[in-house]
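Me: Hi! I have a protein open here and I'd like to talk it through. Can you help me get started?

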Amino acid sequence: MTFKTTDLCDEHGEQARVLQPIFQDLGGRSDFVGLALTVKCFEDNSRIKELSLQPGEGRVLVVDGGGSDRCALLGDIIAEDLVKNGWAGALIYGYVRDKAVLAELPLAIKALGASPRKSVKRNEGQVGDPVEFAGHQIRTGDRLYADADGVIILNAQ
């Protein structure tokens with residue numbers, strides 16, 4: 001499916017919810033389209049690791065990490081699992097690590113930036129609950145479109 005977020009915004013007007021432009025492209029691709037699967041976690045990537053091992057079925061992993069820059073929530077191992085298991089991309093309100101490796105993977109990863117410290121594992125986090133960041137609430141099942149111009153939510157009417 002070929003699309004441009006700019007064209008989708010022109011076509012759908014206010015129905016296209018545009019996330020604030022706070023994300024960096026850190027994967028080998030800048031574009032994805034897919035249904036969101038949300039996870040809320042703070043400085044603990046236990047749920048992200050679990051989800052990365054499940055079939056992605058073209059979905060986008062949407063992570064609300066609270067914007068913390070104290071550690072990374074995704075690195076090369078989890079990103080490689082996302083690729084292997086058919087995820088379309090990852091949108092992370094938080095930080096990643098292994099930036100050079102992520103840039104070589106055929107996966108769109110949008111995050112606030114990179115940080116070398118790994119997260120702790122406390123087996124915490126909620127999957128499937130609505131999350132809110134970058135000016136919008138995102139729910140599991142929302143359709144996300146992303147490219148080099150930004151990220152939008154555009155649900156079928």
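Predicted model: local features only at pLDDT ≥ 70, side-chain atom pairs only at ≥ 80, totals over all residues.

Me: Nice. What does the C-alpha trace span along its principal axes?
Reply: The C-alpha trace of the protein chain spans about 45 × 30 × 25 Å.

Me: And how many helices and strands are there?
Reply: The protein chain has 4 helices and 12 strands.

Me: What share of the contacts with a separation of 6 or more is between residues 24 or more positions apart?
Reply: Those pairs account for 75% of such contacts in the protein chain.

Me: OK, what about the residues inside? What percentage is buried?
Reply: Buried residues make up 46% of the 157 residues.

Me: Let's zoom in. Where is Ser 115 found?
Reply: Look at the loop between β7 (108–114) and β8 (126–127), and you'll find Ser 115 there.

Me: Is Ser 115 buried or exposed?
Reply: Ser 115 is buried: its relative accessible area is 11%, and the cut-off for buried is under 20%.

Me: Which residues is Ser 115 in contact with, leaving aside neighbours within four places in sequence?
Reply: Ser 115 is in contact with Asp 69, Arg 70, Cys 71, Ala 72, Tyr 95, Val 96 and Arg 97.

Me: Switching topic: how far apart are the mean positions of the positive and negative charges?
Reply: For the 18 positive and 23 negative charges of the protein chain, the mean positions are 6 Å apart.

Definitions and conventions. Residues numbered from 1 in each chain as written. Heavy atoms only, no water. Helix = DSSP H or I, 4+ residues; strand = E, 2+ residues; numbered from the N terminus. Buried < 20%, exposed > 50% of the residue type's maximum accessible area, 1.4 Å probe, protein only. Contact = heavy atoms within 4.5 Å. Lys, Arg positive; Asp, Glu negative; His and termini not counted. Charge placed at Lys NZ, Arg CZ, Asp CG, Glu CD.
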